[in-house]
Amino acid sequence: MTQDKTEILKVEALKAYYQMNYFGVRREVRAVDDITVTMRRNEVYGIAGESSSGKTSFIKVLAAAIRPPLRVIEGTVKYEFKNGPIDVAHASPAQIEAVRWKHLSYIMQGSMSVLNPVRRIGKTFQDFAQRPLGLKGEAFEERVVNHLARLKLPPDVLKAYPHELSGGMRQRVTIGLATVCHPEFIIADEPTTALDVVVQKEVLSLIRDIQKEMGASVVFVTHDMSVHANVADRVGIIYAGRLVEEGPTRDMFFAPKHPYTAHLVASLPRIGDTQQRPALDGRPPNLADPPQGCRFHPRCPLAVDKCRKEVPPMEVVGPDHRTACWRWKDVEPLVNVSAPAGVMA
Amino acid sequence: MFSVFRDLVRYNIEFTIGLVLVGIMVVFAGLSFFAPMDPSLIYMAPPDQPPSTQYWFGTNSRGQEMFWQLSAAFKNSLQFGITVAILSRIISITVGLAAGYIGGWVDRVLMFVNDIFVAVPIFPILVLFYFVLRNNMDSFTMALILACFGWPFDARLIRSVALGLKHREFTRHAVFAGMSTRKVLVEEHLPYVMPIVFATFMNNMLWSIGMEVTLAVLGFTNINNPTIGTVLYWANSHSAMVVGVWWWLVIPVILIVMTFLGLFLLAMSMNEYIDPRSRLRRMGA
Amino acid sequence: MTTLLDVRNVSKRFTMGGIFGRKTIDAVMDASFSLSAENPEIFTIIGESGSGKTTLARMILGLEDPSSGDILFRGEKVDRHAGRAQRLKFMSHVQPVFQNPFEAFNPLKQIERYLESTARRFLDTSDKSVIDKAMDDALHKVGLSLKEVRGRFPHEMSGGQLQRCAIARALIPNPPLLIADEPVSMVDASLRMSIVNLLKSLRDDLKVSVIYITHDLATAYYISNRIIIMQRGRIVEMGDARTVLENPEHPYSRLLKASVLSTDDAGAGKLGTDPTMLDQANNSVGQSGQLIQRPDGRHVRVYA
């Protein structure tokens, strides 16, 4: 897929910790520990990672939803929006307010419950979108109805209450809410996790279509690798607060260069499997007390002494493909997946 | 246990202040056990003496030394308040948890009874009891009666928490783990209810002492038994402010304010500490 | 052949609302199947939300009463209102594993309390050493040990470990039947397979039958013996798992299989669903039709 190579987001050496001091109990959870990543215009960037990997905290920083006890310790998060650049890690509330919803919007986890149950959908749209759009009354309604039609929602959805709609329809409404102002950057945190398989496919195809139409960038966060396989242009894997691998979707699935990625891809069950799929030992590290060196080493089948002592840096291993592993050259896909022609193995 | 105490004292200024105030009052009340004379006797000292080095809180028009009077009064009142609070907590926890968890007709019956007690006006009933029992109405009987009226509001509060807990998945697991209803309520649900119990404990103490003061000032209790209320009653009946014996009224009022403030601060700071959400955060969830 | 569980023409209807505007929902309509006691199996119920699978599970566990039809466990009717002794006896034979491992244990208390209570109650003993041994044995069956779990609170363990503790707890009374309602949907992908493998070993090594409720077709294919697919309260297809999943016949089953996201075309972004398939599947909602048996052993619902 041809991609617009211009950057819309540049995250540099970001460190965001939760610092809590409660009745003398001091805890510092290193949720985001030195992440550097860039995202481009008109692309879907998938972020994969499991629970307690720090990805939700990372998303919070990207969405400028930084509230104590979460604090940005170091680093910058610079967006290049049409109305100018902004570093959301250090911007003032007024500046953030100016870009929110109009240039930067989000579909949060559990978004179906983001709709106020005692307010009609139309009112919720007014609450969110009226000010950023700067339209009122009939002009506003027309714009919203046209947008909803794109999502295959009828205009009388505006008069309904959230509980009167099915789960799939509610999710489409939330996507509509996030996209009605035609933002340049959309953050989607597990938008389809609670949905059925059939509805999930529909909603994902909708997100993809809208993204292509608007030329927006979407950061799609989910732990479900099969979703990334079908939606993302590039995928970044976050483990224990760090980015461990990043690359084009095809390469990530057929030629991963980090043991964790290889494992995530291999552990996906498929219909037709009769053989036992490999399982990973141990559990994700406690972010308040992470391991020394490479954070994956306690669970890594390829770990050597160096991994326990030194943190591997991000190295470029292919076009647009980088990984943080001392032994990336030794990483093989765990299950014999036949790679289609044209992929660097 | 001690480390909890130490943490609270070190990091929570409200707890420290509350502890200090309540500590002073408890010590003061405890001194009544060492009183040189029976506080219900009168004309044991020269009347209407202002506070001095000999009589720290002065003496009142009935010839009683205020220091020992108030010491006994606070002991009796605090004892009274604690008794009412404990008894009514027991009733409200039992009713609230049972009604919320068991539901069905048990819930309906208990809430029906609850609402009756809420609707019944307490004051006329207390006066009625006084007229029936007269001099047989001692502190403990009144405590019992007040405890019977002090539980309904809090029972409903606790019931609402219990209703929420009933639908959480760990309750279902507890049932399939073979726990009896009693065990589920006492061991699983009670910790969630404790913050309410604590806050309402203090509330209840204050309310009951206030009730007792009201009754006493109007003369509807055994006025020879020294309590905060009866001290005020006598001060009133001897027109203390008019006559100029200001220490008879002002000093008890200052002490009352100190007690109530201390109890309140203690309750609020302890409450924050035992709240399940803050406990979870401290454990690192 | 002795039957372990017999579900006979079970239906469940929920009524909501007051005197005016009563709304009825038929959560389960005329479901029938049975499990044999001799051959432990993993019996999978596949369905989406609103299919009635959770209601069916709740009825089997005795948490709801069927509106019509019977559920018999070892010949005895499963009754929600039975006395405590009878309910305890039932619970020693049928145990649940629920979806959310993080909510399975009281966050304020230690995990072992539920295991201890289960051992104490169902093994009918208060001897500490017997209880400890029972807990340790059960934990070993799931790949953990009492030493690891003792004194721990739920937030100190991962979703996968908590789910394993929940399964261990369910195994303590040595039940012949386990009801697992979406046991892996809230567990991380990399820990998921270990739990699924555990369920498989429960059947193969410990001879425990499992009713596995899920919407994940791939894990269903991997471990199930038989499978039923439910759509809006009705069983639309039933039979041997591999046969049904390799060649689904009912339009809804085919739609489900087609909607599963695969990684074969990673990066290609193929997300379209065949609209005729969607229509056909939607048309079958609300029609009762009839379950008929095919020569290969499966049952399919066909409409006149």
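**Confidence**

For the predicted model, the ipTM is 0.82 and the pTM is 0.80. Chain A has a mean pLDDT of 83, with 92% of its residues at 70 or more. Within chain A, the pLDDT falls below 50 over residues 336-345, although this stretch has twelve contacts in the model beyond near neighbours in sequence. For chain C the average pLDDT is 86, and 96% of the residues score at least 70. Among the elements of chain C, the highest mean pLDDT, 93, belongs to β7(C), while the lowest, 79, belongs to helix α11 (residues 275-283).

**Chain B: overall architecture**

Chain B contains 13 helices and zero strands. Its C-alpha trace spans about 75 × 50 × 30 Å along the principal axes. Of the 285 residues of this chain, 41% count as buried. When contacts in chain B between residues at least 6 apart in sequence are considered, 68% of them join residues at least 24 apart.

**Chain B: helix α6 and its two sides**

Helix α6 of chain B covers residues 139-149, and its buried residues are B:M142, B:A143, B:L146, B:A147 and B:F149. Viewed down the axis of α6(B), these buried residues fall within an arc of 155°, and therefore they line one face of the helix. They pack against four helices of chain B, namely α3 (66-102), α4 (104-119), α5 (122-133) and α9 (181-217). The face of α6(B) turned away from the buried side carries the exposed residues B:F140, B:T141 and B:L144.

B:T141 belongs to helix α6 of chain B. This residue is classed as exposed because 12 other C-beta atoms lie within 10 Å, and a residue is exposed at 12 or fewer. The C-alpha atom of B:T141 is separated by 10.0 Å from that of B:F80, a residue 61 positions away along the chain.

B:L232 lies in helix α10 of chain B, which covers residues 228-237. B:L232 counts as buried because it has 21 C-beta neighbours inside 10 Å, the threshold being 20 or more. Apart from neighbours within four places in sequence, B:L232 is in contact with B:V213, B:A216, B:V217 and B:P252.

| Residue | Helix of chain B | C-alpha separation | Separation along the chain |
|---|---|---|---|
| B:T141 | α6 | 10.0 Å to B:F80 | 61 residues |

**Chain C: the sheet**

Chain C has an open sheet of eight strands in the order β6-β7-β8-β3-β9-β10-β12-β11, with mixed pairing. Its edge strands are β6 (94-97) and β11 (290-293) of chain C, each of which pairs on one side only. On average, neighbouring strands of this sheet are turned by 20° against each other, direction ignored. Strands β7 (residues 177-181) and β8 (residues 209-214) of chain C run parallel and are joined by five bridges. C:L178 stands opposite C:V210, which is in β8(C).

**Chain C: helix α3**

Helix α3 of chain C comprises residues 112-122; eight of its eleven residues are buried, so the helix is largely enclosed by the rest of the structure. The buried residues are C:E112, C:Y114, C:L115, C:S117, C:T118, C:A119, C:R120 and C:F122. Their packing partners are α8 (169-176) of chain B together with α4 (128-141), α5 (146-149) and α6 (159-171) of chain C. Just after α3(C), C:D124 adopts a positive phi of about 55°.

**The contact between chains A and C**

The contact takes 40 residues from chain A and 34 residues from chain C. On the side of chain A that touches chain C, α6 (197-214), α7 (225-231), α8 (249-254) and α9 (259-266) of chain A each supply at least two residues. The greatest contribution to that side comes from α6(A), with seven residues. By residue class, the side of chain A that touches chain C consists of 17 nonpolar, twelve polar and eleven charged residues.

Conventions. Residues are numbered from 1 along each chain as its sequence is written. Chains are lettered from A and ligands numbered from 1 in the order in which they are written. This is a predicted model: local features need pLDDT of at least 70, side-chain atom pairs count only at pLDDT 80 or more; totals for chains, interfaces and linings use all residues. Two residues are in contact if their C-beta atoms, placed from the backbone, lie within 7 Å. Two strands pair if DSSP finds at least two bridges between them. Axes are lines fitted to C-alpha atoms, for helices over the stretch in contact, and angles run from 0 to 180 degrees between N-to-C directions. Ala, Val, Leu, Ile, Met, Phe, Trp, Tyr, Cys and Pro count as nonpolar, Asp, Glu, Lys and Arg as charged, and the others, Gly among them, as polar. pLDDT is the predictor's confidence in each residue, from 0 to 100. The arc is that of the directions from the helix axis to the C-beta atoms.
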